[in-house]
Structure formats: C-alpha cells, structure tokens
Amino acid sequence: MGKIKNSRENNAAWKAGFNLKSAFIFGIKENIMIYRKAKEIKPVPIEHCMGGEGIVMMEKLLNAPDEMLGKGRAYVRHTLNSGVSIGMHTHEKEMETMVVVSGKATHIINGEIQHLEAGDIIGAMPGDTHSIACEGEEPLVIIAQVLYE
C-alpha cells in the first residue's frame with residue numbers, strides 16, 4: 001500500500017474507507033493532514049456536563065482517538081454561557097489542558113480557586129480533580145484537550 005502524500009490523495013483514501021487508524025497499522029506516517037472547515041463542525045449540547053449547571057455547547061475539533069494518533073480522547077471547543085459550568089471531575093490515567101479563548105472563568109483544581117481570562121491555560125494532571133464555570137455575562141469559550149497518560 002502506498003503512502004498518503006498530500007491532501008488530494010488523503011481525501012481519496014478517506015473516500016475509499018481508509019482512516020488514520022489503518023494508516024498507523026500499515027505504518028504510514030508521512031503528511032497525513034486534517035482539514036476541517038468551521039461550518040463542518042457542529043455544536044452538540046451537553047446538559048449538566050460532569051454534573052455541572054446548564055448546557056455546555058461542545059464542538060469536536062478532532063475525532064478522537066483516531067485523529068489524535070491514539071494518544072487522547074478529546075480535542076474540543078466548549079462554550080459556556082453565563083451560569084453554566086462543567087462539574088467537578090477527576091482525571092484518571094489522563095491529563096487535560098484548557099486554553100481560554102474568550103470570556104472569564106472560575107476554575108477550581110484540587111481545592112484551589114483560579115480566576116482565568118482569555119489567553120490563560122491550565123493543565124489538570126492525572127489524579128487532579130477540577131471544575132470550570134463561566135464567570136460574568138460574556139460566554140466562556142475554551143479549547144480542551146485530553147491526553148492519555
């Protein structure tokens with residue numbers, strides 16, 4: 001089986017039922033790219049995410065674990081309106097990083113309260129327990145990535 005060298009060949013391979021998982025089984029590692037237009041990413045409502053308040057709007061930016069080389073389970077954009085939160089949860093055998101794109105947040109990690117704003121980043125390591133909530137009236141937008149230990 002030949003190597004996928006550019007996006008045109010990549011698209012043909014996808015149409016033929018080829019995916020990243022099979023690419024790595026066959027040892028193909030060169031120039032596999034992911035290209036997704038914003039209009040192709042559909043928000044999905046998650047009620048009471050991790051036991052939190054309200055509805056989190058989640059957009060899957062990558063289809064894990066295949067598009068994360070099998071090394072993670074999530075790469076998403078979350079939008080939390082005023083009063084919405086992602087409840088307290090613990091990461092077992094995984095870590096999560098979050099970047100605040102816009103808005104403000106109250107992040108509680110292992111009992112420590114942190115106030116975050118656009119550009120701030122946090123990392124919850126294996127065993128950490130945390131939650132995040134929109135702070136103020138402006139929606140909170142975060143990019144989150146969960147990687148396996």
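Predicted model: local features only at pLDDT ≥ 70, side-chain atom pairs only at ≥ 80, totals over all residues.
1. A search across the whole structure finds three salt bridges, and the points below take them in turn, with the place and the accessibility of each partner.

2. Arg36 and Glu67 form a salt bridge in which the closest N and O atoms are 2.8 Å apart. The pair links distant parts of the chain, since Arg36 sits in the loop between helix H2 (20-25) and strand S1 (44-47), while Glu67 sits in the loop between strand S2 (55-60) and S3, 31 residues apart. Arg36 is partly exposed, with a relative accessible area of 26%, whereas Glu67, at 15%, is buried.

3. A salt bridge also joins the side chains of Arg77 and Glu59, at 2.8 Å from N to O. Here Arg77 belongs to strand S3 and Glu59 to strand S2, and the two residues, 18 apart, link distant parts of the chain. Arg77 counts as partly exposed because its relative accessibility is 24%, while Glu59 is buried because its value of 13% falls under 20%.

4. The salt bridge between Arg73 and Glu94 has its closest N and O atoms 2.9 Å apart. Arg73 lies in strand S3 and Glu94 in strand S5 (residues 94-102), so this pair ties together parts that are 21 residues apart in sequence. Arg73 is partly exposed at 40% relative accessibility, and Glu94 is buried, with a relative accessible area of 9%.

5. The side chain of His89 reaches the backbone oxygen of Gly87 at 2.8 Å, and a polar contact of 3.2 Å joins the side chain of His89 to that of His91. When neighbours within four places in sequence are left aside, His89 is in contact with Met50, Glu96, Asp128, Thr129 and His130.

6. Ala74 and Ala64 are ten residues apart in sequence, and their C-alpha atoms are 5.6 Å apart in space. Not counting residues up to four places away in sequence, Ala74 touches Ala64, Met68, Ala144, Gln145 and Val146.

Definitions and conventions. Residues numbered from 1 in each chain as written. Heavy atoms only, no water. Polar contact = N/O pair within 3.5 Å; in protein donor to acceptor, adjacent residues only side chain to side chain. Contact = heavy atoms within 4.5 Å. Salt bridge = Lys/Arg side-chain N within 4 Å of Asp/Glu carboxyl O. Helix = DSSP H or I, 4+ residues; strand = E, 2+ residues; numbered from the N terminus. Buried < 20%, exposed > 50% of the residue type's maximum accessible area, 1.4 Å probe, protein only.
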